[in-house]
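Here is a walk through one structure, from its sheets to its metal sites and aromatic contacts. Keep the model open and follow along.

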Amino acid sequence: MKIVQISDTHLSPSKTHFNDNWEPVARWIETTGADLVIHTGDLTIDGADHEEDILFSMELMRKLPVPVLIVPGNHDVGHLPGSDQPVDADRLVRWRTLVGPDYWVCDHGTWRLIGLNSLLLGFENAEEEKQFQWLEQALANRDGRRVAIFAHKPLFVDDPMEGDTGYWSVTPKQRRRLYELMAEHDVALHASGHLHWAWQGHHEGTDLVWGPPTSFIIDTLEREMPGERLVGAVLHHLGDEWIDSKIVALPGLTSYFIDHVIDEVYPRHAKKLAEAAQ
Ligand SMILES: [Fe+2]
Ligand SMILES: [Fe+2]
């Protein structure tokens, strides 16, 4: 089976800064012969507050000639408690109504594909626990299938056992619980987005892939990360006994830098950075 992973498209009908990259991505997907496209979140610029961003982006996704599965990103359903746009019931209902389930399972031959809503992690509330229990079930009844997990946030940034990275990765307590489940259930792959850096590595028996964004990369606005600044996608080949993941830079895409347009695209974030610098 061939899966194209795309991530961080950051599309919007009103903030059109990165929309021009979509056509070349869509055209390239058609040439890959992929069975499935999986979008690992940040579909929109601001779907967390603007329904029209989700509607606009979904119209583009539905035009693809290949089935698409999507997990939400922080710009789609909100982020951690205490952030400017925490995940809440309204945001989750909007996503579930306009896109579909925010976590899902999909079987293909000898593989069980699992999509997680990583933005529920860190709340320690009923929504978080419900997803964990659903995940435990989805892993327990996989019936010998190997498992590939797709989520927006990576498990860690620099070190599998590091402390809380705040904005960037899954919180430590929830990360430990995921590690235990992954070790117990033959999880072959954890593929994510969010960082706008492309990287591949391993933890225990699991391949880790940070899919590159199709929209923008980050120059000096934020901290350096492992991997490389790249706009593109990932091609995952899943065989019966093996998995092969390749990060690809796509022709025809512009490597936009968010640094140059942050005031227009994410004014809240720009204000926070300015306050932090004072
Ligand atoms: Fe993003
Ligand atoms: Fe994100």
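Strands β1 and β2 pair in the parallel sense, over four bridges. Valine 4 has valine 37 in β2 as its bridge partner. This is a predicted model. The two strands belong to an open sheet of five strands, in the order β3-β2-β1-β11-β12. Its pairing is mixed. At the edges stand β3 (68-70) and β12 (243-249). Each has a single partner strand, so one side of each is left without a neighbour in the sheet. On average, neighbouring strands of this sheet are turned by 20° against each other, direction ignored.

Look at β6 and strand β7 (residues 187-192). They run parallel and are joined by four bridges. Alanine 148 stands opposite leucine 189 in β7.

Next come the metal sites. Which residues coordinate the iron ion (ligand 1)? The donors are Asp8 (OD), His10 (NE2), Asp42 (OD) and His196 (NE2), at 2.1 to 2.3 Å. Along the chain they follow the spacing D-x1-H-x31-D-x153-H. The four donor atoms subtend angles of 88 to 172° around the iron ion (ligand 1), which makes the arrangement irregular. The site links distant parts of the chain. Aspartate 8 lies in the loop between β1 and α1, and histidine 196 in the loop between β7 and β8. They are 188 residues apart. Both aspartate 8 and histidine 196 are buried.

The iron ion (ligand 2) has four donors of its own: Asp42 (OD), Asn74 (OD1), His152 (NE2) and His194 (ND1). They sit at 2.1 to 2.3 Å. Their spacing along the chain is D-x31-N-x77-H-x41-H. With angles of 87 to 161° among the four donor atoms, the site of the iron ion (ligand 2) is irregular.

Aspartate 42 bridges the iron ion (ligand 2) and the iron ion (ligand 1), which lie 3.6 Å apart. Aspartate 42 and histidine 152 again link distant parts of the chain. Aspartate 42 is in the loop between β2 (36-39) and α2 (51-62). Histidine 152 is in the loop between β6 (146-150) and α6 (172-184). These two residues are 110 residues apart. Aspartate 42 and histidine 152 are both buried.

How many aromatic pairs does a search of the whole structure find? It finds six. One of them joins phenylalanine 18 and tyrosine 256. The pair is edge-to-face, at 5.6 Å centre to centre and 65° between the planes. Phenylalanine 18 lies in the loop between β1 (2-6) and α1 (22-32), and tyrosine 256 in strand β13 (residues 256-257), so the pair ties together parts that are 238 residues apart in sequence. Are the two partners buried or partly exposed? Phenylalanine 18 is buried, with a relative accessible area of 2%. Tyrosine 256 counts as partly exposed, at 22% relative accessibility.

Phenylalanine 156 and tryptophan 199 make another pair. Their ring centres are 6.2 Å apart and their planes stand at 80°, so this pair is edge-to-face. Phenylalanine 156 lies in the loop between β6 and α6, and tryptophan 199 in strand β8 (residues 199-203), so parts that are 43 residues apart in sequence are tied together. Phenylalanine 156 is buried, with a relative accessible area of 5%.

Go back to phenylalanine 18 for a moment. Phe18, Phe216 and Tyr256 form one aromatic cluster. Arginine 177 lies over its face, at 4.1 Å from the ring centre.

Technical notes. Residues are numbered from 1 along each chain as its sequence is written. Chains are lettered from A and ligands numbered from 1 in the order in which they are written. This is a predicted model: local features need pLDDT of at least 70, side-chain atom pairs count only at pLDDT 80 or more; totals for chains, interfaces and linings use all residues. Side-chain values use heavy atoms; hydrogens and water are left out. Donors are N, O and S atoms within 2.8 Å of the metal (3.2 Å for Na, K and Ca); water is not among the atoms, so sites may look incomplete. Four donors count as tetrahedral if all angles lie between 85 and 135 degrees; four count as square planar and six as octahedral if opposite donors are over 155 degrees apart and all others between 65 and 115; anything else is irregular. Buried means under 20% relative accessible area, exposed over 50%, partly exposed in between (1.4 Å probe, protein chains only). Rings of Phe, Tyr and Trp (its six-membered ring) pair if their centres lie within 6.5 Å; planes under 30 degrees apart count as stacked, over 60 as edge-to-face and the rest as tilted. A charge sits over a ring if NZ of Lys or CZ of Arg is within 6 Å of the ring centre and within 35 degrees of the ring normal. Two strands pair if DSSP finds at least two bridges between them. Axes are lines fitted to C-alpha atoms, for helices over the stretch in contact, and angles run from 0 to 180 degrees between N-to-C directions.
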